[in-house]
Amino acid sequence: MKRLLLLFVFSLWVAPMQAAIEAYQFDSPEMEADYNQLIDELRCLVCQNQNLSGSDADLARDLRRETYQMLQQGKSQQEVVDFMVARYGDFVLYRPQFQSNTYLLWLGPFLLLVLVLYLVVRWLRAADKPVEVDAAAMAEAKQLLEDNESHK
Amino acid sequence: MIPELGQFALIIALCVAFTQAVVPLAGAGLGVQRWIVLAVPAALAQLLFVGIAYACLTWAFLSNDFSVLYVAKNSNSLLPLIYKISGVWGAHEGSLLLWSLVLALWTGAVALFTPNVPRVMRARVLAILGLVSCGFLLFIIVTSNPFERLLPAAAQGSDLNPLLQDIGLAIHPPMLYLGYVGFSVAFAFSIAALISGQVDSAWARWSRPWTNVAWLFLTLGIALGSWWAYYELGWGGWWFWDPVENASFMPWIVGTALMHSLAITEKRGSFKAWTALLAIFAFALSLLGTFLVRSGVLTSVHAFASDPERGVFILGFLVLVVGGSLTLFAWRAPLLRSAVQTRLLSRDSALLANNIFLTVACSAILLGTLYPIAIDAMGGKISVGPPYFNLMFLTLTAPLGVLIGIGMLIRWKSDSLERLGAKLKIPALVVLVLALLISLTLPYWIWTAYLGIAMALWIAVTAGMAIYERFHHRSLLSTLRSTPAGFYGMLLGHLGIAVFIVGVTLTSLYNQEKDLRMAPGDVYKVAGYEFTFHGVRDFNIDNYVATRGGFTVRSEEGDFKVDLFPEKRVYLVQTMPMTEAAIDAGLTRDLFIALGEPLDKEGAWAVRIYYKPFIRWIWLGAIIMALGGLFAASDRRYRRLARSTSSSSTGVEQLS
Amino acid sequence: MSRFALPLVVFVLMVGLLGYGLRLDPKKVPSPLIDKPAPEFSLSMLATPSRQLSTKDMLGQVWVLNVWASWCVSCRAEHAVITALANKNLVTVVGLNYKDEPGDATRWLEQFGNPYATSVIDQDGRVGIDWGVYGVPETFVIGADGMIKYKHIGPVTHESLEQTIMPILKELKS
């Protein structure tokens with residue numbers, strides 16, 4: 001599932017600072033992919049907005065090592081995430097967890113889109129409807145015009 | 001002496017800008033001709049003095065004047081000439097001066113190149129621009145003076161940040177500024193029109209070329225930044241949704257919506273309020289970006305300054321300019337009535353839908369960027385990064401990929417589902433099948449890759465159909481003569497997006513990366529290529545020391561060979577280690593090598609190797625889009641109607 | 001109210017948020033360990049590496065853990081304040097020597113004075129990670145029940161000692 005997520009979400013990133021490169025060996029390509037995704041989505045706390053994979057800070061190195069070791073021990077991605085959040089809080093995640101204080105963040109734009117589209121389509125449909133003609137008012141208008149004509 | 005001259009010039013420029021702001025505006029309102037005509041000379045005078053100030057700062061850099069604090073902090077006598085020139089805008093104070101210069105240039109251009117625009121309207125536009133100039137010049141003089149002296153003078157400068165000693169990054173800020181400062185023109189036109197009440201087709205026609213040119217520069221500026229990040233940061237990534245990146249991208253999105261909205265307002269006279277509002281938004285986002293980058297309210301590597309005091313000033317300026325504009329809008333917009341009705345199935349509503357999706361996407365980016373501040377204010381702490389932005393942006397703009405195709409072929413005013421269905425059925429099928437065939441040639445199947453390719457093909461096919469529809473009726477020559485440049489602009493703009501989509505899709509989903517240990521002689525194979533490592537050597541160059549790794553890359557068939565030399569540099573003054581990746585660029589793939597660290601005494605290094613398919617298409621797409629903007633801006637229609645427009649201008653003035 | 005005023009309303013709200021944001025520090029990461037049990041460690045003491053100190057040993061008393069290192073410049077700045085705290089003899093002050101060389105650490109204490117009841121060695125930073133340490137110096141206040149009550153990020157100043165930390169300590173001890 002995680003791999004599908006990785007593939008589905010375009011992992012577009014830039015590390016604003018120079019990258020640090022470690023030559024970790026992995027038991028499987030899946031584990032390597034899990035590792036890469038984790039270090040992309042975990043934040044380096046001492047940096048000016050970088051993920052763990054892009055930072056050469058000491059703490060980033062340490063946290064990458066932690067991540068690697070936990071995966072080697074057979075822990076899942078979620079367990080690594082929980083580990084980091086327990087120690088550093090939600091700040092360490094670049095993917096905000098879906099919880100009460102992020103409902104607005106995750107759902108807001110879609111709700112806005114739906115609302116706006118609904119309002120606009122309703123407004124456009126109203127423009128499409130032909131104008132209802134009040135028969136009595138029409139007759140009265142016609143009468144007035146005829147009176148006007150006869151008075152000329 | 002020269003720096004003082006520069007400082008003095010700035011103060012004069014401020015006075016002139018103030019005059020430019022107040023007098024013509026009053027004159028336009030009261031009908032005093034003498035005050036109205038002051039706008040043009042004032043604008044040109046402001047340009048002159050800001051230009052002088054800028055030249056003085058450049059002189060300080062070129063003459064290694066380390067008695068100027070800004071020069072001492074950002075330059076060095078060993079710095080190559082080109083970086084002394086680009087170093088002027090390398091940090092907060094100088095970049096603000098560049099901002100002012102670019103604004104003055106745009107103002108001067110408006111003063112000189114608007115023969116069609118009625119004098120009163122132009123006076124108002126220049127006055128609004130003058131108001132913005134005042135704000136920036138005041139900000140510079142009061143809080144961010146680049147001419148501040150350092151006494152006693154430093155013997156040597158601290159050198160320009162090594163990251164900035166690069167040609168791509170040198171051009172990136174001027175391009176960006178030409179872009180989002182350029183949106184100030186559309187903004188000024190919008191405000192001037194709201195004041196006079198003349199928000200109509202003529203106003204849209206005047207605004208369009210200015211918006212298109214600003215937009216194309218912003219496109220190039222953002223693409224340059226992305227390309228630079230890719231080759232410079234050793235990471236293979238090209239976009240991080242960093243707050244400062246978002247600060248430049250949001251005006252781009254709204255600017256795109258604005259361009260489309262101006263098209264409807266010009267053609268059909270509808271959506272006036274929308275268009276006027278988008279013009280305000282585009283520039284408001286530019287100003288917001290300036291605030292975010294310099295106030296320290298968000299953490300970003302790009303941040304120029306983290307100074308809450310400066311932040312207060314910019315915020316105040318933001319409140320004045322944007323708050324004032326939106327108040328004006330709230331007051332005047334109800335008076336804007338569109339003459340025509342928009343039908344549900346029409347190009348009008350397709351463009352409206354386009355704007356809705358773009359604006360909602362932009363609001364998602366804004367929400368994500370500012371959300372951490374809100375949570376922080378409530379006592380929590382979160383981060384919002386690429387996973388959020390990617391998901392949101394992609395899902396909110398994916399419908400646009402389909403809409404672009406429909407939009408190019410759907411009729412103005414009113415169209416029918418039957419006609420559209422008949423026209424689009426076969427092309428849609430063709431696209432789906434073709435995309436399938438193409439996807440099957442890729443290493444493995446990924447659904448989103450298929451969809452991305454299908455979307456790009458759809459845009460290309462419908463663009464082709466649009467060309468066919470226009471050209472197959474009459475002779476080629478007569479159609480060429482009667483086709484406005486705007487049409488080619490539209491085609492190129494949309495094709496640029498298609499190319500961009502291909503690049504993003506393929507590089508994100510099929511890229512291969514590997515961090516590994518390589519000793520001299522080791523070979524690594526990926527994607528049909530063999531990478532052989534030969535070891536490292538050390539060199540002394542200019543103002544840095546380089547450790548250079550040697551690699552040979554061969555294709556497995558043997559028909560291709562290239563030598564690549566990634567480096568690790570240590571700059572002498574700032575002693576920052578920098579990785580210079582070695583890239584073999586190609587239209588269909590990039591091969592990317594970066595040196596990590598030495599691992600042991602036998603000469604083995606940690607090395608990163610990337611295979612990046614079609615990544616160049618990302619920036620190629622941007623270049624094509626920018627070209628489209630150029631074509632659109634050069635449309636003769638904007639220049640032709642000088643006579644007919646100016647005669648109608650007098651009748652409108654009574655509304656002010 | 002005119003719907004055209006909506007953008008203005010949203011703008012005002014946004015500006016309010018940004019204005020408030022100017023007073024906040026986006027780089028400060030508050031600890032999620034407040035009111036949670038202090039993470040367990042068992043580390044060698046700096047002075048006598050054969051002996052170990054663990055979190056369990058400190059149960060039943062209010063104590064302060066100060067994260068420091070000889071390479072940390074701000075630690076020198078806060079040293080006087082930590083010493084002042086230790087001299088009050090109110091609580092035990094334990095040092096966590098973080099990612100340092102024991103030789104350098106010992107020399108640093110000899111040069112500047114040793115305010116700590118003892119310092120423990122966290123050379124690879126593993127314990128630091130468990131405590132959510134992301135910078136040096138940092139200071140933790142732990143209650144007698146073994147729960148972390150307060151975390152101070154950055155160097156402790158005399159002001160923050162008197163105005164924030166001392167009241168917390170006094171309350172915990174009462």
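1. In chain B, helix α9 (residues 183-196) packs against helix α10 (residues 201-232) at an angle of about 160°, and their axes lie 8 Å apart. Axes are lines fitted to C-alpha atoms, for helices over the stretch in contact, with angles from 0 to 180 degrees between N-to-C directions. α9(B) and α10(B) are therefore roughly antiparallel (an angle over 145 degrees). Helices are DSSP runs of H or I with at least four residues, and strands are runs of E with at least two, numbered from the N terminus.

2. The model is predicted: local features need pLDDT of at least 70 and side-chain atom pairs pLDDT 80 or more, while totals for chains, interfaces and linings use all residues. Residues are numbered from 1 along each chain as its sequence is written, and chains are lettered from A and ligands numbered from 1 in the order in which they are written.

3. From α9(B), B:Phe183, B:Val185, B:Ala186, B:Phe189 and B:Ala193 meet α10(B) residues that include B:Trp203, B:Trp206 and B:Trp210; contact requires C-beta atoms, placed from the backbone, within 7 Å. This contact has nine nonpolar residues, two polar and no charged (nonpolar: Ala, Val, Leu, Ile, Met, Phe, Trp, Tyr, Cys and Pro; charged: Asp, Glu, Lys and Arg; polar: the others, Gly among them).

4. Chain B contributes 28 residues to its contact with chain C, and chain C contributes 18. On the chain B side, α13(B) gives the most, with twelve residues.

5. In chain C, strands β6 (residues 138-142) and β7 (residues 148-153) run antiparallel and are joined by five bridges; pairing requires at least two DSSP bridges. C:Val141 has C:Tyr150 as its bridge partner.

Technical notes
Angles under 35 degrees count as roughly parallel, over 145 as roughly antiparallel, 65 to 115 as roughly perpendicular and the rest as oblique. Two residues are in contact if their C-beta atoms, placed from the backbone, lie within 7 Å.
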